[in-house]
Amino acid sequence: MHQAKKMTSNNRRLVGLDGIRGLAAICVAVHHTEGFVGFDAAPAAYLAVDLFFCLSGFVIGHAYERKLIQESSLSANDFAVKRLIRLYPLYLLGLLLGVLAYAGMSLSRNQQMDPMLFATSLIASMFFLPAIGGTSLKAPNLFPFNGPSWSLFLEIVINLAYGYAARFLSNGVLAVILLASWVWLAAQTLAHGSADLIPLDGALLSGFPRVLFSFSLGILMYRYRQRLSPSGIGKAAAVTTIVVATALLVFQAPAALVGIKDLIVITALFPLAVLVLYTANFDGVLRQPLLIAGEASYALYAIHVPLLGLLLGAWKAGLGQPPAWAIFAIVLPLIVVLAIVVTRLYDEPVRKALSAGKAMRLRWRRS
């Protein structure tokens, strides 16, 4: 999901993909303030997950298709290890922060935790698995300590499935998967009235059509990128694409049209934005902010919910209920800054150390 930090063949950073991923993560964080401020400032931000899955398929294709399929220079096992190294350190940090937030919430509500249920939920969560049975505080929740973990569970599932099946995923096979998952997604979305169906309440399968469709579409888009990607994209068109894509995450359609709108956005508008931003060239004043936004996007997504609970819980204990303006003007910017710090001081060094350890073990086995 969060990895547009790659190079093209001419060593150009994919700045546009970095930027839209970072802005989407910020929209998700804004969306999740609803329970604290009493209104949803980004009611369509749940669609960011579909954008993340599409980006993930596209960029994983960019980074690994040749190595996995054409050159056979990367085994499925090595690919799986690379993806776990990429995803797990921040996932684990989000889980630990979530446990702290959960404990604080339990104490504030004077609610006792079921030790066995808590322990089994924590063990399952440590292995990217849903916590069947949830916890005593959030009984139906499959991901009780950090809500966004549901999409990271689906991300690792689709990554592993792709890695081990990549050589068998011809364009025709992917097209069949794409069509079948779209029918599943469309039926689910229209029945529910929106695409905002997530496996937090026990409906584990509800997230699978979202990841199957958007990830498969991302892979196919990468394979046909030379035919599909527009050329000569000017800066004005690229900036407009980012603004429109971000607006689609913030503003919601009338209730009767939400399901149809969601399908149009997931099926056509987000994929078009990915293709446009893939070829767009960002220089000048926008380049660095977009790169930083992309750099911190995964950390922001992985830790913002427990950080919101911890920071706002501390504020409430010391100063009373925080006003909405303070949450948007102080707490959220602080979380974004913390995401940047965590990325640079924790995630990147840990991943570098894990990758170095893996390389050393491989050399030792070959010697």
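These are my notebook entries on a predicted protein model, written as I looked things up.

**Ground rules**

I am working with a predicted model, so I noted that local features need pLDDT of at least 70, that side-chain atom pairs count only at pLDDT 80 or more, and that totals for chains, interfaces and linings use all residues. Residues are numbered from 1 along each chain as its sequence is written, and side-chain values use heavy atoms, with hydrogens and water left out.

**Entry 1: confidence**

I started with pLDDT, which is the predictor's confidence in each residue, from 0 to 100. Its mean for the protein is 90, and 92% of the residues reach 70 or more. I also marked residues 4–11, where pLDDT stays under 50. For that stretch the model has 23 contacts beyond four places in sequence. A contact here means heavy atoms within 4.5 Å.

**Entry 2: the overall build**

How many helices and strands does the protein have? I found 13 helices and 0 strands. Both are DSSP runs numbered from the N terminus: helices are H or I with at least four residues, and strands are E with at least two. The radius of gyration is 20 Å, close to the 21 Å that the globule rule gives for 367 residues, so the protein is as compact as a globular protein of that length. Along the principal axes, the C-alpha atoms fill a box of roughly 60 × 55 × 45 Å.

Buried means under 20% relative accessible area, exposed means over 50%, and partly exposed lies in between (1.4 Å probe, protein chains only). The protein exposes about 16600 Å², and carbon and sulfur atoms supply 68% of that area. These areas come from the Shrake-Rupley method with a 1.4 Å probe, and for residues only the protein chains shown count as cover. Among contacts between residues at least 6 apart in sequence, 78% join residues at least 24 apart.

**Entry 3: charges**

I noted 29 positive and 16 negative charges, whose mean positions are 10 Å apart. Lys and Arg count as positive and Asp and Glu as negative, while His and the chain ends are not counted. The place of a charge is NZ of Lys, CZ of Arg, CG of Asp or CD of Glu.

**Entry 4: two positive phi angles**

Most residues other than glycine have a negative phi. I then turned to serine 72, whose phi is near 55 degrees. Serine 72 is in the loop between helix H3 (48–70) and helix H4 (76–108). It counts as partly exposed because its relative accessibility is 41%.

Is phenylalanine 128 buried or exposed? At 5% relative accessibility, it counts as buried.

Phenylalanine 58 is in helix H3. Its relative accessibility is 0%, so it counts as buried. Leaving out residues up to four places away in sequence, I listed its contacts, among them Leu17, Gly218, Tyr222, Val274 and Tyr278. I also checked leucine 212: it is 154 residues from phenylalanine 58 along the chain, and their C-alpha atoms are separated by 13 Å.

Lysine 67 lies in helix H3 as well. At 38% relative accessibility, it counts as partly exposed.

**Entry 5: threonine 241**

Threonine 241 lies in helix H10 (residues 235–250). It is buried, because its relative accessible area is 16%. Which residues does threonine 241 touch, not counting those up to four places away in sequence? I found Ala273, Val276 and Leu277. Phenylalanine 270 is 29 residues from threonine 241 in sequence and 9.7 Å away, C-alpha to C-alpha.

**Entry 6: tryptophan 315**

I finished in helix H12 (residues 287–319), where tryptophan 315 has its place. At 21% relative accessibility, tryptophan 315 counts as partly exposed. Its contacts, not counting residues up to four places away in sequence, include Gly320, Pro322 and Pro323. From tryptophan 315 to isoleucine 156 I noted 159 residues in sequence and 35 Å in space, C-alpha to C-alpha.

Technical notes: Rg over C-alpha atoms; globule rule 2.2 N^0.38 Å.
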